[in-house]
Amino acid sequence: MANPLPIRTPTGESQTEKPPHLASFPSSSQLSASGKTRISPAASFLKRSPSSAQKLRRRASVEHPDLLQTGKPRRFKSQYPLDSSERHVEYILVASFHIDRGPIMEHQYPAAISGDESMLAELMLPDQTHVRSQDWTIFFLHKDTGEDDEDADQEGKKKRKKGRKNKDTDGQENQYNDHERNAEESSDDDYDDDDDDDDNEGDDDDEEEEGGEGPPLMYVLNLVNTKQDNTVRRGAVVKAMAICTRHSFLHIYKPLLLLALEEYFKAPYPETLASLYDAVNAMDLSLLPRFSLLERSILQASDSKDMFIEKFERMIEQRVADDESERGSGSSSLGSPTKARYTLPRDTHEYESKVVYNEIPIPVKIPTVIWPETVGDFSLIKLIQIFAAPHSTAPQPFALHPHLTTNGAYTHPIIVLVNAMLTQKRVVFLGHNRPSGEVAEAVLAACALASGGILRGFTRYAFPYTDLTKIDDLLKVPGFVAGVTNPTFANHPEWWDLLCDLPTGRMKISSRVEPAPVTEGSKFFQQNNTPSGQAAASLDPTGDMTFMNDILQSINQRYGEGVIRAKWRAYILKFTRVAAAFEETVYGASALYIMGPGEESASSGGGLKVDPSDPASLRGHGYVWPDESAKNRELAACVSRIEGWRNTRSYYGFIQDVAASYHATGPVKSTDLQHHHDRLRSLKLPSEVAGTIYLAFAHSIRDYAGICQLLTVTPESQAGLFYVSLGLFHTDPVVREATADLIDRISSHEAGRHFWNRVGRFTKLAYSRARRDRDALVNSPALSAGSHGDVFGAPLQQQQSLVGVALGETTSNRRS
C-alpha cells in the first residue's frame, strides 16, 4: 500500500486560553503566518473528535443496525434532542439610526454580545437603507465561547456524571456503549445508548474548537424597516432587528422577524424581544432523526419524498413509548391519542415544525440534511443566470490568468468564479443600487457553488455584506469573498482579484492580481506531455464547456434547484478525483485519496485482484478515463487550477476530511466502488472483466452500511442501479446469480428499495428469470413438470409473479 503524502498543516502556537471575542472578521489567532486557518474535520463528516477516526471498529454483523439484538432497547438519536443545552437562537439584537449619533444599538437580549456594538449597528443598517422600506442582510460573527458558556458546560457535565453514577448504582450498566459509539459513524448514527455520549460530544467539541477552525460561526439574519414619520426630524424611523443563531438554516426565521419587528415599532421594549426569544427556542425538532454520512449523501441526492421514512417512524414510536411510560401506561396502540399527535413528514428532505409567536402558529420547514458551506436560502440557478445571459449574448474576453481562465480568454464566467474561489482569490460581488440582501444571497450561492457540499473553508472567510468603513480589516483576510453595494470598490482593483458586477452580469479580473507561480506540476507536463494548445482548446480537455452547456440546458428545461446542486456536487467531486490523479502522476502519491489494502500505485492495472483468494478485492482506484492520452490531456489542461488549489484552506480541509471520514464512508475498503462502477458506466469492458466487477460487488456489499456505500456512487440522477443491474444479463450464470443476490439485499434496504423500484420493467424481468433459473436448479423435480408451468419449467404461480413484476406490482419490495 502506497503511503499518502503527509498532511501539510499550518503551523502556529497553540492556544490554551481564549478570551471572549466577537468580530465580523476571523481573529488573528485563527490564522497562521501563511494566512491559512487551522483546519479541523468538518462537522458533517465527523461528529466526534478528529482522533476518533483511528479508533472506529467496524461492526461484524451484516444485519440492519436497527435490528441487532442487544441487551437493552435502542435509543434512536435526534439531531436536536429535547434535553440538549443548545439553543436555536442565542441573541436578538435591535439597532436604529440616530440623526446625530448614526447607527446605535438599542437592545440586546438576553445579554449583551461582547464586542464592538458600533460595528454591529453599522452592519445591521446597510448603506442606502433609508431609500427602501425593507431590506434583508446576512452576516457572520466569529464569536469565541465565553466564560459563562464554559461554566455552564462544566456544570452540565457535573450533573450528567452525577446522573450516570446513580444509574450505575441501580445496576443499569451499559456494557456495549463503546462498541456502539465506535460503530456510530459507519452505520448506525441514528441512535443513542447512554448519557455518556453527551459528555463525549461536549469534550470533542471543545477539542475541535481548541485545535481546529474555532467555534462554529454565528449566523446573523437581519431585517431593516423604514417607516415614514413626519413627526421626527429626518421624516422617517429606521430600525433593524437581527437573530443570531448557530444553525445555518437561518432563513426559516424570516416570517418571525417580520412580525416581531412590526411589534417592536409598537412596543419598543425588551419584553418584545423576550417573547420572540422564548418562542423560537421553544421550537421542537426532537423528532428529526440523525443520519450517518452515507445516509445524508443518499438523501441529498434523491428526490424520493419518502426516502428513509422508516427513521421518522421509529422516532415517533420511541416518543410514543416514552410518553406512555411517563403516564404509567404500558400499552401502545396505533390509534392512541398520543400517536395521533405526531405525523410523518410529507417530504423527508424537510422536517415540518412550528413556532408559536403571540399565539400565532407559524409553520417552519427545517432541512434534514445540511452540507458544509450551505447557509440560508439561496439559488444557484439565479446566480448562474445573472452571469450566463450576458456572456451568451455578447461574450467579452477575460484577461488571461492560468488559475482563472482555464479555457482561454472566453472561459465561461461561472467557471472563472469557481476557479477564483478554489484557488483562494479575493472575490467581490458589487450590487450598486441593489438591496444588500441581493449581494448577500450571491455571496452565499458562490460559497455553495465552489464547495459542492464537499469542500469547505469558504463561508468562514465570506462576508455576505460589508461596507467601505471596514476595508482595512477586509484586506487583512486572505482569499475572502464579500458582498458590497458601494461603487467605489470597482475603482480599486488592488482590493480584489475578481469583481462580479451583479447589475451588468459581468466579471472582471483585476490587473493587480498576483501572477501564478511556476510549479513542479506545470514543469512536469511541459516536459513529458505537450499537447497542442489549439487542439486542446478545440477539444475542451477540461470538460468545462460541455458541463456548462449541460447546466444551462437543464435550467432552460426547468429542472429544479436540487438537480443543479447535484450536478455541481458531481463536478466538484470530479475535480477532487482528478486532482488526486494529478498528484499521483506528478508526485507519486496523494493525500486526497486513501488507497485500500494491496494498492500500490496509480499505475496498477484496474480489475486485477489484490488478493486472488478474496473475490471481494479488486485493484484500481480514482477517476476513470477512456485511455491514457485522454487522461494526460485533461491533467495538462487542469494543471494550473490544481496547483493553485493545492495551497489553499479548502485543500487542507479536504485532506483532513478524507482522513477523518475514512471509516465513516462505509465498510468496503478493498475495492473502490466509485472507480469500478465508473468503469462499468464509461468503458466497453470484456465480459470476463465485467463479470469480475459484478462478483466483487456481490461479495463485498453484504450489510446495511455496504449497501449505503454503493448507493452513494449510483445516484438516481446518474442512472441509479442501471449499470449494476446489467449483471443480470451477463453470459455467465454465476455472475447473474450473484447479481440477483446483490439486488435482493438492495431491494430490502430502506433506501435501496427506492432505487430498485425505479429500474425498468425489462430489468425486473431479467431479475425474475435469474431467480427462476436458480429455483429450477434447486428444485430439479419442477423441471419435469412442464405441463404445470411455462416453457422454462417454472410453476404457474411463478409465471404469474413474473407478469406482476413486468407490471411493476412486485410485493417483495413493499414494506410490511
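**Aromatic pairs in a predicted model**

Trainee: How many aromatic pairs does a search of the whole structure find?

Mentor: The search turns up 19 aromatic pairs. Rings of Phe, Tyr and Trp (its six-membered ring) pair if their centres lie within 6.5 Å; planes under 30 degrees apart are stacked, over 60 edge-to-face, and the rest tilted. One of them is Tyr80 with Phe249, edge-to-face at 6.2 Å centre to centre and 85° between the planes.

Trainee: Where in the chain do Tyr80 and Phe249 sit?

Mentor: Tyr80 is in the loop between β1 (75–76) and β2 (91–98), and Phe249 in the loop between β7 (236–245) and α5 (254–266), 169 residues apart. Helices (H or I, at least four residues) and strands (E, at least two) are DSSP runs, numbered from the N terminus.

Trainee: Are Tyr80 and Phe249 buried or exposed?

Mentor: Both are buried (under 20% relative accessible area; exposed is over 50%, partly exposed in between, with a 1.4 Å probe and protein chains only).

Trainee: What about Phe722 and Tyr723?

Mentor: They form an edge-to-face pair too, 5.1 Å centre to centre with 85° between the planes. Phe722 counts as partly exposed because its relative accessibility is 39%, while Tyr723 is buried at 19%.

Trainee: New topic: which ring does Lys227 lie over?

Mentor: Lys227 lies over the face of Phe265, 5.2 Å from the ring centre. The criterion is NZ of Lys or CZ of Arg within 6 Å of the ring centre and within 35 degrees of the ring normal.

Trainee: What should I know about the numbering and the model?

Mentor: Residues are numbered from 1 along each chain as its sequence is written. The model is predicted, so local features need pLDDT of at least 70, side-chain atom pairs count only at pLDDT 80 or more, totals for chains, interfaces and linings use all residues, and side-chain values use heavy atoms, leaving out hydrogens and water.
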